[in-house]
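The entries below follow the order in which I looked.

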Amino acid sequence: MTYHAPLKDIRFALNELAELTAVCSLPGYEDASVELVDAILEEGAKFAESVLAPINASGDKGAKLDNGVVSAAPGFKEAWQQYVDAGWVGLRAPLEFGGQGLPALVAIAAEEMWCSANLAFSLAPLLTLGAVEAINHHASDEIKAVYLPKMATGEWTGTMNLTEPQAGSDLAQVRTRAVPHGDGSYRISGQKIFITWGEHDLAENIVHLVLARLPDAPAGVKGISLFVVPKYLLNADGSLGARNDLRCVSLEHKLGIHGSPTAVMSFGDQGGAVGYLVGEPNKGLSYMFTMMNHARLGVGIEGMAVSERAYQKAVEYARERVQSRAIGSPDASGVAIIRHPDVRRMLMTMKAQIEAQRALAFVAAAALDRAARHPNPQEKARNQALVNFLIPIVKGWNTEQANEITSLALQVHGGMGYIEETGVAQYYRDARITAIYEGTTGIQALDLIGRKTAAENGATARALLAEVQSTADKLAATGFDNLSANLKSAAAEAERCVAFILESFASEPERAAAGSVPFLKLMGILLGGWQMGRAALIARERLADEGADADFLTAKQVTARFFGEHLLPQVSGLAAAILHGADSVLELDEAQF
């Protein structure tokens with residue numbers, strides 16, 4: 001199946017919903033323009049469609065480990081060199097280090113296409129840019145000067161090394177050690193697991209960001225420091241020197257994303273890997289959170305993007321597969337299954353969620369740019385609060401629904417979907433990890449109810465609910481009666497749930513936590529519906545423009561109506577579980593499971 005970048009909807013979400021023009025007017029982004037971004041997206045679409053998509057299926061055969069050396073899946077090394085040569089790695093990397101310094105909003109629009117075309121490949125630049133972000137914000141000028149120019153171009157890649165066998169999401173259990181060496185460097189020893197692109201042959205060097213403990217570090221998360229640990233040490237002239245004391249001891253055998261080697265990394269088997277402290281001692285966890293907003297937004301994009309690829313495959317198959325007569329037709333001839341109502345329901349369920357997710361993710365990215373660059377301190381703070389609130393929703397809702405959407409794509413194919421050669425099974429398998437890494441859905445949900453709702457007394461949540469209500473009022477005045485009514489009803493249920501969280505979180509946190517994932521899903525559906533409502537209003541208005549794309553704009557309105565009539569009603573069930581379901585979650589004794 002050929003991947004087609006959904007440029008019409010990407011442009012609509014960028015320009016109409018995320019307000020690209022306003023983002024490009026922020027200080028430091030003045031060289032960006034709608035015309036430049038459009039040209040970037042056109043070229044990005046060509047690269048995704050012609051270079052990355054064709055090696056997605058072959059990448060499913062996986063990378064290979066031989067005596068500590070990892071060879072990337074067929075075609076990946078050549079594609080990476082083309083990716084680097086075209087300058088794609090540095091879209092949002094800092095200008096001063098050779099990047100292009102474009103807004104995050106523009107970068108994630110391009111990243112969507114990489115993720116749709118080839119999810120496994122896209123993880124290498126995603127992790128590299130996350131490492132660039134952390135180093136740029138927190139490392140010394142010397143470390144920045146040494147590492148960032150090569151990383152911003154993709155000549156070197158980057159990784160995050162957080163997880164250990166005994167320390168999954170609980171980083172207080174990290175045991176990797178860092179011992180001062182007396183020359184400003186440290187000797188790192190320990191083992192890290194689940195290291196995406198931890199070893200490979202795409203680039204000449206890999207820059208590992210490693211969480212470790214100093215000898216005098218306090219216990220818990222307050223005693224974690226962050227270190228730069230390169231695969232190859234550097235000579236005085238900046239050229240590559242000796243191999244550092246680190247190695248890939250195995251690759252994980254995974255359900256999906258086989259083209260992305262997930263390494264078990266051992267540091268210090270021969271006395272200690274050379275590392276360099278990033279920032280101040282014992283502040284490593286807070287530094288890693290600089291990467292987290294970008295990384296979690298990126299994973300939300302992954303979930304939506306692999307859903308898009310699966311949706312396209314399902315539509316293609318539904319148009320081609322002839323099966324059974326049309327319901328209610330006297331003609332016994334078989335018809336394409338896209339004419340069957342339940343197949344249409346499945347396709348609409350996929351399409352509506354993907355468009356809502358794209359819009360919400362792009363709005364979050366625009367807020368990220370405003371939080372970084374807006375000249376008004378109050379606007380910066382407001383947008384940072386908005387980013388903080390939206391990130392766990394974008395990450396959690398997009399990726400949880402990716403499991404459903406890719407499953408629906410397989411269901412549209414029927415029995416053929418279960419056969420690997422059809423191709424849709426790969427999207428189903430690849431999607432599964434997105435709801436797990438960079439923090440499981442449960443972790444995102446606890447973050448949402450705790451740090452993002454209770455800790456600020458619901459201020460951002462209620463500000464968003466006010467915007468939802470305003471959009472619902474406009475929909476009512478424009479003839480979108482069902483969408484308006486269901487959006488208002490969902491917002492009212494969300495308000496009740498916010499009040500419940502604020503009342504219970506301090507005194508009975510377990511009761512709030514019992515409904516935290518339903519609350520995340522509720523907010524995803526509600527805010528997705530809000531974006532679809534905005535899209536419907538804009539689409540109706542744009543229909544009056546000269547040369548308007550009537551098919552696209554009409555479809556946008558119908559898709560928004562579908563979201564309102566089929567997806568927004570789910571909010572009431574989720575709210576009931578949040579408000580009244582805590583006891584049944586918590587009541588059983590452990591032995592009764």
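This is a predicted model: local features need pLDDT of at least 70, side-chain atom pairs count only at pLDDT 80 or more; totals for chains, interfaces and linings use all residues.

Is Leu-7 buried or exposed? I found that Leu-7 is buried, with a relative accessible area of 12%, where buried means under 20% relative accessible area, exposed over 50% and partly exposed in between, taken with a 1.4 Å probe on protein chains only. I placed Leu-7 in helix α1 (residues 7–17); helices (H or I, at least four residues) are DSSP runs numbered from the N terminus.

Residues are numbered from 1 along each chain as its sequence is written, and side-chain values use heavy atoms, with hydrogens and water left out.

**Aromatic pairs**

I searched the whole structure and found 12 aromatic pairs, meaning rings of Phe, Tyr and Trp (its six-membered ring) whose centres lie within 6.5 Å, with planes under 30 degrees apart counted as stacked, over 60 as edge-to-face and the rest as tilted. One of them joins Phe-76 and Phe-121 edge-to-face, at 5.8 Å centre to centre and 70° between the planes. Phe-76 lies in helix α5 (residues 76–85) and Phe-121 in helix α7, so this pair ties together parts that are 45 residues apart in sequence. Phe-76 counts as buried because its relative accessibility is 0%, and Phe-121 counts as buried at 1%.

I then saw that Tyr-83 and Phe-121 also form an edge-to-face pair, 5.5 Å centre to centre with 80° between the planes. This pair links distant parts of the chain, as Tyr-83 is in helix α5 and Phe-121 in helix α7, 38 residues apart. Tyr-83 is buried too. Ring pairs join Phe-76, Tyr-83 and Phe-121 into a cluster with Phe-47, Trp-80, Trp-88, Trp-114 and Trp-197.

**Cavities**

How many cavities of 30 Å³ or more does the structure hold? I counted 4, a cavity being a set of points, on a 1 Å grid over the protein atoms alone, where a 1.4 Å probe fits but cannot get out, and lining residues being those with an atom within 4 Å of a point. Grid points are joined across faces, edges and corners, and a volume is the space filled by probe spheres set on the points.

The largest cavity has a volume of about 120 Å³. Of the 14 residues that line this cavity, Tyr-83, Glu-111, Trp-114, Pro-125 and Leu-129 are the closest to its centre. Helices α6 (104–117), α7 (119–138) and α9 (284–320) each supply at least two residues of its lining.

The second largest cavity holds about 60 Å³ of space. Its lining includes Gln-353, Trp-397 and Phe-563, and the largest share, 3 residues, comes from α11.

**Helix α9**

Last, I checked α9, where 32 of the 37 residues are buried.

Note on methods:
On a 1 Å grid over the protein atoms alone, a cavity is a set of points where a 1.4 Å probe fits but cannot get out, and a pocket is an open set with protein on both sides within 12 Å along at least five of seven lines; lining residues have an atom within 4 Å of a point.
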